[in-house]
Amino acid sequence: MARTSRKTVEKLPEKMELKKHVAVIHSSNKLSLLQRKIANALLFNAYPNLQYKDEHVIHIRTLCELIGYDSNDHKTIKKSLVDLLSTVLQWNLVDGDKLDKEGVWNASSIIADAGIDGAICTYSYSNKMRNLLYRPNLYGRLDMHVLAQFKSGYGLALYENCNRFQDIGQTPWFELETFRQLMGVEVGKYKQFKDFKTRVLDKAIQEVNQFSTLEITPQLKRQNRQVRSIQFLIRKGKALMAPSVGDEAPNLMQRLKTDYGLTDRQTANVISQYEEKYILEKIHLIEASPSFVNGKIKNVARYLLKALSDDFKPAKRPEPKRAEKKLVEVKAKTNKSAALKPEEHSDFSRFQNKWLVQTFEASSAANQKLILKDFEKMLSGVYRNLFLREGLSNILIKDKLCEYLRLKDHSMTQDMPSVQAWRKTLTSTRKRTGS
């Protein structure tokens, strides 16, 4: 009878919050995506009884459901459990300076033992891990629904290390070597920062911004042109923030269902298969077409699915006349010289933001007061608290102010420096410094 009850698959609760000790979040380990997800799922399952039971039980199907693993391949699960047994975790890389100075050092395997009997997995933790994991005042709160969506171990590691600091609005500065350990990058791999950025950092940031409720932006510190440390500015996603006044636009999922008549299954397939930017591109293409405007598309759902699968492109414009062609060529040359490379966007944006802040501070006190009064109305949550406490001395609030000025199309933004002006400034600075 007891055997039967162990095999019962329990229904997962709607709210699935994992309380994960910050030391385990900020730790050095080389886990794959599947291993990291399984470690989180096992802890989520065991946590209520962590201090009271030596051994924990989970049904394999429940484990797979928790990690978003759509397969009956128990061999892969078994291999990941073996890897977790042999993975040594060292903590705490971010908050452990004092411990290190006092000569205290801690390490343990993630789980102490594990076994699979049919569809039932049993496992346990070492005493050191149990004592570490069960400390209510030092947790990062992670949503299991969010964790299950990640496609890479780097993306999941970055999310865990940023999530803890979301109410502060920024992470501490991580020394680059420490950050590589936090991300689980092997020693000697991706030594050049450009390789690390392409293979690890950029993809991880993209996943955090795509799958989680956070929006993160990296900040780099350089010394002698070498990147030495990294920090992330964090903004809570729309799901966690009260909408701004006038921000009533339906989200993408609602648009697909309401405006295009997609079923729940079709909507889920589209969201999982294509990036939001690509979907919106096709929606805008359809809605700008004469057929759509004139109501000639009979089945918009089918048409959208076709546009997505076949990658519909805008119709080509007719060849311009010779005089027009010449003008187009001249404009093209000008635009080419003004075009930003992908790696330049953040630097140029910071340059314009700095200019906006300086222009704002140079304006009259009465003008500043009027702007800040209206600016405060659009702030909510952590940003409002930061503004009231620190004002414009906080870099996040300065960025928010620039965002506000652009959104309002304020007169200050009309004279913002162009790309060409920015490049001239860079050239002048390099000449002056001899770099």
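1. Isoleucine 116 has cysteine 121, in strand S7, as its bridge partner. S7 (residues 120–124) runs antiparallel to S6, and 5 bridges join the two; strands count as paired if DSSP finds at least two bridges between them. Helices (H or I, at least four residues) and strands (E, at least two) are DSSP runs, numbered from the N terminus. The model is a predicted one, in which local features need pLDDT of at least 70 and side-chain atom pairs count only at pLDDT 80 or more, while totals for chains, interfaces and linings use all residues. Residues are numbered from 1 along each chain as its sequence is written, and side-chain values use heavy atoms, with hydrogens and water left out.

2. The hairpin of S6 and S7 has 2 residues between the strands, and glycine 118 there takes a positive phi near 70 degrees. Aspartate 117 belongs to S6 (residues 113–117). Aspartate 117 is partly exposed, with a relative accessible area of 41%; buried means under 20% relative accessible area, exposed over 50%, and partly exposed in between (1.4 Å probe, protein chains only). Between aspartate 117 and isoleucine 60 there are 9.9 Å in space, C-alpha to C-alpha, although the two are 57 residues apart in sequence.

3. The largest nonpolar core has 63 residues, of which Leu42, Tyr125, Leu158 and Phe232 touch the most other members. Such a core is a set of buried Ala, Val, Leu, Ile, Met, Phe, Trp, Tyr and Cys residues joined through side-chain atoms within 4.5 Å. Helix H3 (residues 33–46) supplies the largest share of this core, 9 residues. Neighbours within four places in sequence aside, leucine 42 is in contact (heavy atoms within 4.5 Å) with Ile58, Leu63, Leu81, Leu84, Ile111, Tyr123 and Tyr125. Another core, of 18 residues, lies apart from it and includes Phe360, Tyr383, Phe387 and Ile397.

4. Helix H14 (residues 276–288) has 13 residues and reaches 18 Å from first C-alpha to last, close to the 18 Å expected, that is, 1.5 Å times one less than its number of residues. Ile279, Lys282, Ile283 and Ile286 of H14 are buried. Down the axis of H14, these buried residues fall within an arc of 100 degrees, so they line one face; the arc is that of the directions from the helix axis to the C-beta atoms. The face turned away from the buried side of H14 carries the exposed Lys277 and Ala288.

5. Which cysteines are buried? Cysteine 64 is, at a relative accessible area of 7%, and cysteine 162 is among them too, at 0%. The structure holds 0 disulfides, a disulfide being a pair of cysteine sulfur atoms within 2.5 Å.
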